[in-house]
Amino acid sequence: MKRPVLIAASLLLLAAVSLRAQENRSLMLRQDFSKLRVEEHFPDSISAAERIAGTIGRQLTGHNFYNPPTYLFLRPAVRQLGFAGGLLATSDRVMRASKIGTADNKVPRGPFGIEEGPEAYLPTVASRFGSLGSGTGLPPVRKGQGRQSRPGTPDPSTQGQLTNPGTPDPSTQGQLTNPETPDTSTQSQPSNPGTPESAACGKPVGDDYDFAIYLIDNDLKLDALQLVSRSCYRQSDTLDFLRGWAHYNLKQLETANSYLLAVPQQSAFYEKSLFYSTAVSAHLGDYSSPLGRLQEYNGPYTELRDVQLAGLALLRGEKGAFKAASEGFGYSDFALESAERTLCDIYNERYEKRAKSPLLAAAASAVIPGAGKIYAGKIGEGVSAFLITGALGAITAEHWVKDGASNWKTIIPGLLTTVFYIGNIYGGYMSVSIYNSNLKNAQDTAVLYNIHIPLRTVFK
Amino acid sequence: MLRIRLFCTISIFLSVLYSSRAQDWEGLAVEYERAVYSGASLEETNAALLGKAGCYKALGRYSEASSTLARVRMFALTAEERQNVLFEQELCWFLGGDFGQAASLVEEVDAISQDALLLHALVLAYAGRYDESEIYAARCISWDGTCGRLGELLKLYEGHPRVRKEGTALALSFVPPLGHFYNEAWGEGLLSMGLNGAAAGFLVANLLGGYWVTGLLGGAVALNYTFMGNQERNAFLVHKNNGNGPLEFGERLRALLADILSDEL
């Protein structure tokens, strides 16, 4: 750059710096910090009775064990589960919402307590995660994975669970399309859904490939996305791959998948794109659409293909497909051996072990309050249920003996005892249902992990 | 000489901004990063990182701006340039709401300008270090030698929130309303006292009436809930007050300083 230009630019900088000083002062004096305040969760749209109950409840427990808190639980529970279901679920919640009840709860506590609504009592949804014993040998269950992630409903929390794929190996980069040579795809290739622009202006993205990878590897993923989203690059397989890779690293799985799927078979990036897109599809809950592409594949990574096919079969619940795919397991490849063994273990655990029975839990709770919950592995909840139901029963019995059955002093604790006793049976039944559902979630999570993480080693 | 080179390099990058897509801060940040990646000289690398931090700052991504400034190779800067970078870093931590990190830089940034004094005063106030903040704030408003509203400022600092101790709150909460009163939760204190009294009354009345099971299982359990809940509540209130107190004081201080400084202008 010539000296006059530099001088002019320097003057420009001077002006910018003096403007910036004013801006700094303004920022210092006007920045909004209200988000940093410690707030208490007291929704505006609650009734006066709920507000009073909440105010008293806080004096009894100090803080909320669950969110929504128990005093706000009855109304939505009745709405979602019906009158009887809502009442029983609320009584179960009352028994669980205590120090003893949450003592063995491994679910991380949010700022307003453990996130759990009445939907936790719906048999098809399990949101009381993290309750499994440590003996399963599975990775920890996390909310949003497994059954809650289904096609078309990508869950941000699921996206957050993905593991960074790590640093691409130079050997992978060696397979790159030479920036000087045209890419395998043509400019006329249609752009992906969601492609910002695919104008035919000429610069090949290969020139910036190393820079884009540098940005991703140095945790400057937003910069990488900004770079590859530009419209000035020529449409190519490298561009599709880089866009997919940038979105994948930002956990934007749906967009990543659309780009990775667009990488053509002739491309040097095809295999990496194929296997990563399969893992991404599975994370998004789509266990079927990758099948065709995987079955057609006949390249050097057939064992990896079999691992992914077996994993997808487990996720779909197809025993036969799993057996067929697992015949290709060699148990000798360093990168895949662990995944192969884990998938077989999950298969055995799922199909050859007997699941816990919710009816047995209900029966146990009917005999000894809380026993069903202990059977489900919830010892704290079981003890809490036993103490509360037992205490109410004992109070009722005392009044019955001293005041007679028809005295209001007997009727009131008697009614409470009945509600809590039935609630305890209901809670025991639900706890085992949820346990079984959580177990399946944990297994699905482990399958997703094992069809995804080996890719980091294979494509290193 | 170094400063001139740095100056010129920044100018080149700024010209990129004005000659290409104006206000495209994200795109410009990538270009700055490209300059770092392409193995530019130390001066150019530093200039690029400063430019990139500026882009993030313009975008309101203050923590990223701070992280970028942390990558600046300080040893290649003059003392004055280093001070400017540290000031920007402290400012970005502050704007990003990380007052602890910002306060850790107060000792390193020389208070040689009114802006630096203002920043230190605010950072330390939000970090709950009121005495140190007061000195910087007083120096800030007396920068041009006049200090007409110093009394107003000192009065504000006299009423700064006190840091409450959890241990004290828990000890006081053995007598139910006292812990709440320590936290200035007057209404809640009375409610807690009422609940504890009711539970204790239920316990005693039932025991005196011969209802031992009801008294012990009902009254004692209820008393346990009200008493332990009162302690838990006080621990939370301490946390809440200690978190919100500096924020509320900081807001008042900013309003006063903005008023005083605008008067000066």
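This is a predicted model: local features need pLDDT of at least 70, side-chain atom pairs count only at pLDDT 80 or more; totals for chains, interfaces and linings use all residues.
A residue is called buried here if 20 or more other C-beta atoms lie within 10 Å of its own, exposed if 12 or fewer, and partly exposed in between, with C-beta atoms placed from the backbone.

Residues are numbered from 1 along each chain as its sequence is written, and chains are lettered from A and ligands numbered from 1 in the order in which they are written.

First, the two chains. Helices (H or I, at least four residues) and strands (E, at least two) are DSSP runs, numbered from the N terminus. On that basis chain A has 19 helices and two strands. Chain B has 13 helices and zero strands. Chain A has 460 residues, of which 43% count as buried. For the 265 residues of chain B, the buried share is 44%.

Next, contacts. Two residues are in contact if their C-beta atoms, placed from the backbone, lie within 7 Å. Take the contacts in chain A with a separation of 6 or more: residues 24 or more positions apart account for 66% of them. In chain B, the corresponding figure is 51%.

Now the core. A nonpolar core is a set of buried Ala, Val, Leu, Ile, Met, Phe, Trp, Tyr and Cys residues joined through C-beta atoms within 7 Å. The largest one has 144 residues, and among those with the most contacts inside it are A:Ala224, A:Val228, B:Phe94 and B:Leu122. Helix H18 of chain A, residues 408–452, gives the largest share of this core, 16 residues. As for A:Ala224, leaving out residues up to four places away in sequence, A:Ala224 touches A:Ala212, A:Leu215, A:Ile216 and A:Ala246. In soluble globular proteins, nonpolar side chains tend to be buried together.

How many of the 14 residues of H10(A) are buried? The count is 13, so H10(A) is mostly covered. Helix H10 of chain A runs over residues 270–283 and reaches 20 Å from its first C-alpha to its last, close to the 20 Å expected at 1.5 Å a residue. That expected span is 1.5 Å times one less than the number of residues. After H10(A) comes A:Gly285, with a positive phi near 90 degrees.

A:Tyr301 is in the loop between helix H11 (290–296) and helix H12 (302–316) of chain A. A:Tyr301 counts as buried because it has 20 C-beta neighbours inside 10 Å. Not counting residues up to four places away in sequence, A:Tyr301 touches A:Glu271, A:Phe275 and A:Val458. A:Tyr301 and A:Val458 are 157 residues apart in sequence, yet 8.8 Å apart in space, C-alpha to C-alpha.

Two other loop residues deserve a word on phi. Most residues other than glycine have a negative phi. A:Asp219 has a positive one, near 60 degrees, and lies in the loop between helix H6 (209–217) and helix H7 (221–228) of chain A. A:Asp219 has 12 C-beta neighbours inside 10 Å and therefore counts as exposed. Phi of A:Tyr331 is also positive, near 55 degrees. A:Tyr331 sits in the loop between helix H13 (319–326) and helix H14 (337–352) of chain A, and is exposed because it has 11 C-beta neighbours inside 10 Å.

Turning to chain B, a helix pair. Axes are lines fitted to C-alpha atoms, for helices over the stretch in contact, and angles run from 0 to 180 degrees between N-to-C directions. Helix H3 (residues 42–59) and helix H4 (residues 62–70) of chain B pack at about 170 degrees, with axes 8 Å apart. So H3(B) is roughly antiparallel to H4(B); angles over 145 degrees count as roughly antiparallel, under 35 as roughly parallel, 65 to 115 as roughly perpendicular and the rest as oblique. Residues of H3(B) including B:Leu49 and B:Tyr56 meet residues of H4(B) including B:Tyr62 and B:Leu69.

Last, B:Lys165. Its place is the loop between helix H9 (150–158) and helix H10 (166–172) of chain B. Is B:Lys165 buried or exposed? B:Lys165 is exposed, because 12 other C-beta atoms lie within 10 Å. B:His239 is 74 residues from B:Lys165 in sequence and 9.0 Å from it in space, C-alpha to C-alpha.
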